[in-house]
Amino acid sequence: MNIPNAPLKGVFFMHFILSVWALQHSWLPVSYMYYNLIFMATLLWSLHCKDSEEPVFMALVIDGASVLLDIIVISVYYPLSDGYYRANFHFCAGMCILNLILRVVSIFVLLKIFHERGGRYDDLGIPGIPSGNYNDIDQHNQQSVPKTAVDTGSPTHDYIPANAPPPYQVK
């Protein structure tokens, strides 16, 4: 059984379930839900536009930023009072931390999908950044020179005009 876009769907459902479980307790701010919803929307956009690398790039950038945002949210909003230490809080906090850890995995999956859809690693498709494919115009390339009149496509094979330059010597 071949599921189209299976890695992308796996990333979507993994982060969807972990985000929902993390939001079951009230300790997380609304911003956590906000940037996770935007990430989910870009993943759905990536599933819809199967040939474009742009939605995958957007999901990749948001996922990368979400790593930093998750670290900030967990470190700032993790409660230190005894009132929050219940089983459902531990479960939600664990799911938030697991979601953060699995974001690193999903970044590599999204990078692979980005590359498969034609995106480039060297500049990540950002305009204005020079790509790594540098063509040196000063480099002298050997050009192939026709050796005979047959190679030139001439209809007369043995005709050489009087003012023709001498034939090229191949070393």
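Biologist: Which residue has its charged end over the ring of F39?
Modeller: This is a predicted model. In it, a charged end sits 5.3 Å from the centre of the F39 ring. A charge counts as over a ring only within 6 Å of the ring centre. The residue is R103.

Biologist: How many aromatic pairs does a search of the whole structure find?
Modeller: Rings of Phe, Tyr and Trp pair if their centres lie within 6.5 Å. The search covers the whole structure, and the number of aromatic pairs is 8.

Biologist: Are the rings of F12 and F16 stacked or edge-to-face?
Modeller: Their centres are 6.0 Å apart. Planes under 30 degrees apart count as stacked. The planes of F12 and F16 are at 10°, so the pair is stacked.

Biologist: Where do F12 and F16 lie?
Modeller: They are 4 residues apart, about one turn of the helix. F12 is buried, at 11% relative accessible area, whereas F16 is partly exposed, at 38%. Both lie in helix α1 (residues 6–22).

Biologist: What parts does the pair of Y78 and F89 tie together?
Modeller: The pair is tilted, with 5.3 Å between centres and 55° between planes. Its residues are 11 apart in sequence. So the pair ties the loop between α3 (54–77) and α4 (87–116) to helix α4.

Biologist: Which residues do ring pairs link into a cluster?
Modeller: F12 and F16 form a stacked pair. Ring pairs also bring in F13. The cluster is F12, F13 and F16.

Notes
Residues numbered from 1 in each chain as written. Predicted model: local features only at pLDDT ≥ 70, side-chain atom pairs only at ≥ 80, totals over all residues. Heavy atoms only, no water. Phe/Tyr/Trp six-rings, centres within 6.5 Å; stacked < 30°, edge-to-face > 60°. Helix = DSSP H or I, 4+ residues; strand = E, 2+ residues; numbered from the N terminus. Buried < 20%, exposed > 50% of the residue type's maximum accessible area, 1.4 Å probe, protein only. Lys NZ or Arg CZ within 6 Å of the ring centre and 35° of its normal.
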